[in-house]
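Here is a friendly walk through one protein and its ligand. Let us look at the ligand's surroundings and then at the sheets.

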Amino acid sequence: MTIEITSLEDLRNTVAAWRQAGDRIALVPTMGALHAGHRSLIEAAKAQAARVVVSIFVNPTQFGPNEDFERYPRPLAEDRAALHAAGADMLWLPSVATIYPEGFATRIHIAGLSKDLEGQFRPGHFDGVATVVAKLLNQVTPEYALFGEKDYQQLCVIQRLVNDLNIPTTIIPVPTLRETDGLALSSRNQYLSAEQRLLAPRLYQILLETGNKIVRGGVAPDILHEARQMLKKAGFGAVDYLDLRTEDTFMPPAQPLNAPARLLVAAWLANTRLIDNIRVVPSGITT
Ligand code: AMP
């Protein structure tokens, strides 16, 4: 059974009772509109801890003024059923007033990491993410928290947050779950028309093709430029970025690559912004 909790007091009491019983807790933070990608995070959480808490909170502070906060899907009844089927122990469902009560004045900013790629195109986004995740970790006090590699830069930001603030939670990355045609599962995929949905897997295919060219030793700036052109030719609109970053420090990597890197992309299909990334491992490097 998945218990549903909406007040901080009930959350604290339940967590205390679980701790008393010797149970460890894993948290899966989400914005709801749950899909199989979230489900794989819940499965990974169950493998780590006796108790799994899934939070659903569409966090207003991580959306820009012209972004999709209002239209972001909120299918709560389906989400409840999905959590029940997945065997989550608790749905933590705070209101905006619980997270941001009157007078709330704190904002966590992770310098450097937050400015790059996503941060450049979504100013303030990672401040909102870091602030809400810090709050969720303080509220639930989990031993583990699980995040998808789908949002790779977010994962780096959160790992930095936890290290820098000595938050005693271990962050566990979970690989990206994809449709059979390669499209990464995302709550935003439901914005796509049938025609756009057919086109969307090109994003992943072009990442793979580009990754292969880089591994074979091509000149990365040329290959990356070519990849952006390929996306546009395929029917994508603006390509916010398609770029390489080192895995741990999220810096532009040395050329040619001498360590595994991430190839990351954000591109628009009409009014829908899709992001994805893959790992690129130069030949001869074992990981
Ligand atoms: P969201 O509800 O979009 O904020 O996502 C909640 C968590 O699920 C984040 O840690 C995401 O990275 C993760 N996630 C979203 N899509 C996927 C996916 N296709 N595979 C694995 N994890 C995902």
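## Around the ligand

A polar side-chain atom of H38 sits 2.9 Å from an oxygen atom of the ligand. Backbone atoms take part too: a polar one of G148 is 2.9 Å from a ligand oxygen atom, and a polar one of L185 is 2.9 Å from a ligand nitrogen atom. Polar contacts here are pairs of N or O atoms within 3.5 Å; within protein, one must be able to donate a hydrogen and the other to accept it, and residues adjacent in sequence count only if both atoms are side-chain atoms. The protein covers 92% of the 490 Å² of accessible area that the ligand has on its own (Shrake-Rupley method, 1.4 Å probe; for residues, only the protein chains shown count as cover).

The ligand is surrounded by 17 residues, the closest being H38, G148, D151, L177 and L185; a residue is near when one of its heavy atoms lies within 4 Å. This shell divides into eight nonpolar, seven polar and two charged residues (Ala, Val, Leu, Ile, Met, Phe, Trp, Tyr, Cys and Pro count as nonpolar, Asp, Glu, Lys and Arg as charged, and the others, Gly among them, as polar). With three residues, α2 gives the most to the shell. Helices (H or I, at least four residues) and strands (E, at least two) are DSSP runs, numbered from the N terminus.

## How the model is read

This is a predicted model, in which local features need pLDDT of at least 70 and side-chain atom pairs count only at pLDDT 80 or more, while totals for chains, interfaces and linings use all residues. Residues are numbered from 1 along each chain as its sequence is written, and side-chain values use heavy atoms, leaving out hydrogens and water.

## The parallel sheet

Six strands with parallel pairing form an open sheet, ordered β1-β4-β3-β2-β5-β6 (two strands pair if DSSP finds at least two bridges between them). β1 (3-5) and β6 (170-174) are at the edges with a single partner strand each, so one side of each has no neighbour in the sheet.

Strands β2 (residues 25-30) and β5 (residues 144-148) are joined by two bridges, and A26 has Y144 as its bridge partner in β5.

## The antiparallel sheet

Three strands make an open sheet with antiparallel pairing, in the order β7-β8-β9. Seven bridges link β7 to β8 (residues 261-269), and T246 stands opposite A261 in β8.
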